[in-house]
Amino acid sequence: MAIDLKMPALSPTMEEGTLAKWLVKPGDTVKSGDIIAEIETDKATMEFEAVDEGVIGELKVAEGTEGVKVGTVIATISGDDEPAAPAPVAAPAQAPAPAPAPVVAAAPPPPPAPVAAPAAASVPAGAAMVATTVREALRDAMAEEMRADDRVFVMGEEVAEYQGAYKVTQGLLEEFGPRRVIDTPITEYGFAGIGTGAAMGGLRPVIEFMTFNFAMQAIDHIINSAAKTNYMSGGQMRCPIVFRGPNGAASRVGAQHSQNYAPWYASVPGLIVIAPYDAADAKGLLKSAIRSPDPVVFLENELVYGRTFDVPALDDYTVPIGKARTMRAGRDVTIVTYSIGVGLALEAAEKLAAEGIEAEVIDLRTIRPLDKAAVLESLARTNRMVVVEEGFPVCSVASEIISVVMEEGFDYLDAPVLRVCNEDVPLPYAANLEKLALVDTARVISAVKKVCYR
Amino acid sequence: MAQPAKPRATKAPKPKAAPAAAPAPALEDEATFALRSLQQTHANNKRYDASDEELLHFYEQMVLIRRFEEKAGQLYGLGLIGGFCHLYIGQEAVAVGLQSALKEGHDSVITGYRDHGHMLAYGIDPKVIMAELTGRGAGISRGKGGSMHMFSTDHKFYGGHGIVGAQVPLGAGLAFAHKYRGDGGVCMAYFGDGAANQGQVYETFNMAALWQLPIVFVVENNGYAMGTAVKRGSAETHFHRRGTGFRIPGMDVNGMDVLEVRAAAEVALEYVRAGNGPVLMELNTYRYRGHSMSDPAKYRSREEVQEMRDHHDPIEGAKQDLLRRGVSEDAIKAIDKKVRQAVAEAADFAESSPEPAPAELYTDVLVGTY
């Protein structure tokens, strides 16, 4: 009896992949541990091993096929005279049920494109657009800035030979060589300090943290060394550095690997804090960040890396730091959000529109300095506001927005401002608990209805 | 596939030309790893052969640091200097001897919070240093840094850092920039025996050795990490050995003799400038005053301090050297007088300069406008 070989999930966030290469052909005998195929995920190329002995039957998916969903049957293997026991297939991941994994619940498909983006649209009319993933956009931003300025270099764990733990630095080593794309040991405090010192010495480092959770080891240099020294030196000690990497909850990686640090860094004068959502902003803002004479904390999101958006095909596309963007116009209520929250807010807005509530969605893009004017201007029109943030609720960016509204927008308000954040608990591992802890569209919709008294 | 980003250094530094009489390196080191070669080179020529003029200059710089620090102590007592204030009295030969071997404006320097002496040794105007101590707008950091946070990028002096040990990776970053640009510069990163126990120091040793960064790590071992004697806080009290695990050669240097310091600096710098990677120097010195102005110094005896002052003082030592060379007592007195004058002027300037304008509160937070 034939056993189905299914497309394995090779990372917590993988939903599909490319079947890069078959290393067997029908009729080949394989034993446990033999490499059957190479599968390219959004992060890396992985070898797919056999776990059973048998003879390869049919190859159901051709070599080079992209977008093969996790759980798809890619080949069959005959059970070598043995009765076919349903065995787990994917050696690297050992996922219990590969198909509709909880991954999908935590990473909804990209929401509909923005209805209108009137504010801060710095793209000239008629510019051609290229569909680009956020991951590629970030890489392109670094590559363009490295081509333009020899002082720019990239340093971090696995950024060079591994091609980036999340593949963001893919191809940089090949183009720029080991002088400018530098693998570090696992030593965040040390390399954050070395990067900061290099910036003080006149270079323009881009320091990648594999995730911002690990930057906790390095936060002393980000805050005490990078953010404060210009002030303490009366303006002598410049520190043009970018600290970047994924931030916020990924998918079922537990509490230590799932935290949004935007409020932490945004509380520190002397830092710029950026958290883009789509690919165009990721590219344009990272380019601006690298050129900034100030230290920048650039917060990405792993769950968004693989999403595809339009990016203007311009030679030098930059987005100004400190300017929010209206992602969707609406007259009834303003949803203020950033990073992955933008996707949730847009999805909620679509559903609310079907119920006759037109929500305006504002993507803050830069958390510090905060574009208060954009928030207040929208509030002046809608008179109602909900803040959506994938992060803890206490002392959050949402708290800050609400404070700004109390101080400077109180007279515009027709209802209290509500925040929709994660639950106030460390992020749990269990799929159901994680889902309960994280912000979602339903909670956004419910909060919007509440402030609209509907 | 791409090449390895950082091929490990397999070539050993060329052995220094040691006289035939010198014993062979200890057998526990593999033949290619010259961990102690620099110490031997230093031992073979312990004191720098300074001209009278040079030694007079070293003497003047050391006296300037001492008189300046004494004055800072007085101003602190009068309430004119606030916050933390860490004096360099007793350690003068370290900064003066090491700085004298650097190429000014080419090599970079970074240190911790006990930074006044280093700045003076670099020739930075005592007026703007003292005015920073009194928190005046004319201070080198416009009154916004204070004792622990002073910088002069013109002199390639990069601070002045208040977090114990932070200057070590920052210094490696400066060294990284020298290597990246290929400008031939070296970074000298000073830290204390207390900072030598910080984890980030060893993260930095690893990367500096791995990437062969042009950096001299200088442990100023003054015997006490605040109030904790070295032997109470350090399992390995010979700090020059602490690079061993990273293949960084160490040097054990008498930090109370400016000529020994200078001679050792030349050995270290020659090694680093030749592209061999970092050196770890331990400068054994002594701080006569407390850790900071608020230190009651209950952790050591008066006799211990007096013994150092009476028998190991770097300024008195240099003075005796000068007299032995036949430099006149009058010439030395003239320097003392000149220094007292300069320090008095710095103090007057620092007391009479206005405080920063209130608008300075909001400047220099960010460089760009957004």
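In the predicted model, strand E3 (residues 187-192) and strand E4 (residues 215-221) of chain B pair in the parallel sense over six bridges, pairing being assigned where DSSP finds at least two bridges between two strands. Phe191(B) stands opposite Val219(B) in E4(B). Strands are DSSP runs of E with at least two residues and helices runs of H or I with at least four, numbered from the N terminus. An open sheet of six strands, paired in parallel, has the order E2-E1-E3-E4-E8-E7 in chain B. Strand E2 (157-160) and strand E7 (250-254) of chain B lie at its edges with a single partner strand each, so one side of each has no neighbour in the sheet.

Residues are numbered from 1 along each chain as its sequence is written, and chains are lettered from A in the order in which they are written. As the model is predicted, local features need pLDDT of at least 70 and side-chain atom pairs count only at pLDDT 80 or more, whereas totals for chains, interfaces and linings use all residues.

Between the chains, 45 residues of chain A are in contact with 38 residues of chain B, contact requiring C-beta atoms, placed from the backbone, within 7 Å. Helix H3 (172-176), strand E11 (181-183), helix H4 (188-200), helix H5 (219-227) and helix H6 (229-232) of chain A each give two or more residues to the side of chain A that touches chain B. The most come from H4(A), with ten residues.

Conventions:
Two residues are in contact if their C-beta atoms, placed from the backbone, lie within 7 Å.
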